[in-house]
Amino acid sequence: MEYNQYASFPKDFLWGGSTSAYQVEGAYNEDGKGLSVQDTKEVVPGTTDFKVASDHYHRYKEDIALFAEMGFKAYRFSIAWSRVIPNGTGEVNEKGIEFYSKLIDECLSYGIEPIVTMYHFDLPEALNKIGAWSAKETSDAFVEYARVLFERLGDKVNYWLTINEQNMMILHGAAIGTVNDKVSNVKKDLYQQNHYMLLAQATVMKMCHDLCPHAKIGPAPNISEVYPETSNPKDFIAAQNLNAIRNWLYLDVAVYGRYNPIALAYLKDRGYAPEITAEDLEVFKAGKPDFIAFNYYNTSTAAHSSLSDGVVGPEDGDQQIELGEKGVYKAVYNSYLERTNFNWEIDPVGFRATLRSVYERYGLPIIITEDGLGEYDELTDGKKVHDQYRIDYLSNEISEMKLAISDGVEVFGFCPWSAIDLISTHSGVKKRYGFIYVDRDEFDLKELKRYKKDSFYWYQKLIATNGEQLS
């Protein structure tokens, strides 16, 4: 839709950036931190591990100062569960609480709003050994971990995110590292794990409102609008199938307190449905989000599939592509879209479409907690990084977000991935997202110096003009 007059960003819009603990902090075994599944998982050959990462643990003051210089209004980061409670349950590590308390204080000293993710793929290894989320005990442990965060840090945090990309942990857990030799990859078990996560999330949202009435809380899935490949009605049904299973299954429970009917029908027919009790439904209804946070990178495209199909995904697909499922949908590339050097489709208009769909469906305020371009950045001899490709990418995304606001969508923040270079879950150091270059190679730490990329100065001007100066 085109308008005669377009909206501007709200004056208190939260411009910022995002990271996650295991990808940026390092110090994997320092000051009492326990091991997480990210510390113990098998590393992709040719890539580094997360033991040092960007050394944010030791350099957070320098990094926060750079974020403030950029003009950040918010910083979305995660807390490492095993840094706060090394074994997942039991004794609290005071050094861990101290670190995050200081990190939050440092943000607040610059007027930067901390947006805290409780769990971002880094389950404590001690809980992994008992089957991770397959065990109800892990759900109970997450609730107690959240209680510690609310009681010890809640007076300084206004925005909480429960679980990062829960849907990706269920759909791509093996690639992420949350499914391993101790955790079942059988779909029946995965959807039971999902159910326990949803119960924990609902319980924690209610707890937040009880213990921290000033604060707001919401889920943080990865949401991707799904297109039908053609105008064939069967392709449209396939797109609805994927939307239900990939997106709405997770948000319908969080917002409405019940399973999406299409997704539930699929789970029952395939024998994947979890055990759902009347008490569970009461827990879901009691835990309500104040907003929806979601991560956006691209859209998906689906075509009709029958149970007799042999191939249901692109032949050159990788673990980032929806691979399709017989009788549900075929995953196809969108012929209208370009792809990044890492084979991710680029779709800024789809960002607007996704924002519209989420807001129209749920009517809750939205904050974007990830969106960005991973590329092979190069540090020149003059210590510069000329990443015009990232500027172009984010300019297009933000332009479409602004159009979504004109469409009536209530968006209150944008925290792209990532605030600073960090270690990619799948591709190591070489896949960089940040506004700030961290000078290290895959296996050579060098001095880990920070350098401002061209995108740093671009984003600085954009924030200063509240999104008006995009180019």
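**Exercise 1. Describe the lining of the second largest cavity, beginning with the residues that lie nearest its centre.**

Step 1. The second largest cavity has a lining of 15 residues, and Y119, A132, W133, T178 and Q193 are the ones nearest its centre. Here a cavity is a set of points on a 1 Å grid over the protein atoms alone where a 1.4 Å probe fits but cannot get out, and lining residues have an atom within 4 Å of a point.

Step 2. Two or more residues of this lining are given by each of the elements α8 (166–171) and α10 (187–211), with α10 supplying the largest share, three residues. Helices are DSSP runs of H or I of at least four residues and strands are runs of E of at least two, numbered from the N terminus.

Step 3. By class, the lining holds 11 nonpolar, four polar and no charged residues, where Ala, Val, Leu, Ile, Met, Phe, Trp, Tyr, Cys and Pro count as nonpolar, Asp, Glu, Lys and Arg as charged, and the others, Gly among them, as polar.

Step 4. The space in this cavity is about 90 Å³, a volume being the space filled by probe spheres set on grid points that are joined across faces, edges and corners. A search of the whole structure finds nine cavities of 30 Å³ or more.

The model is predicted, so that local features need pLDDT of at least 70 and side-chain atom pairs count only at pLDDT 80 or more, while totals for chains, interfaces and linings use all residues. Residues are numbered from 1 along each chain as its sequence is written, and side-chain values use heavy atoms, with hydrogens and water left out.

**Exercise 2. Determine how α7 and α10 are oriented towards each other, and which residues meet.**

Step 1. The axes of helix α7 (residues 136–153) and α10 come within 9 Å and cross at roughly 20°; axes are lines fitted to C-alpha atoms, for helices over the stretch in contact, and angles run from 0 to 180 degrees between N-to-C directions.

Step 2. The two helices α7 and α10 are therefore roughly parallel, since angles under 35 degrees count as such, over 145 as roughly antiparallel, 65 to 115 as roughly perpendicular and the rest as oblique.

Step 3. From α7, K136, S139, F142, V143, A146, R147, F150 and E151 meet Y196, A200, T203, V204, M207, C208 and L211 of α10, contact meaning heavy atoms within 4.5 Å. This contact comprises 10 nonpolar, two polar and three charged residues.

**Exercise 3. Characterise the second largest pocket and the packing of α14, one of the elements in its lining.**

Step 1. The pocket, an open set of points with protein on both sides within 12 Å along at least five of seven lines, has a volume of about 290 Å³. Among its 15 lining residues, E225, F236, Q240, N243 and W248 lie nearest the centre.

Step 2. β6 (226–228), α11 (233–256) and α14 each give two or more residues to the lining, and the largest share, six residues, comes from α11. The lining has eight nonpolar, four polar and three charged residues.

Step 3. Helix α14 (residues 348–362) packs against helix α15 (residues 388–406) at an angle of about 30°, with the axes 8 Å apart, and the pair is therefore roughly parallel.
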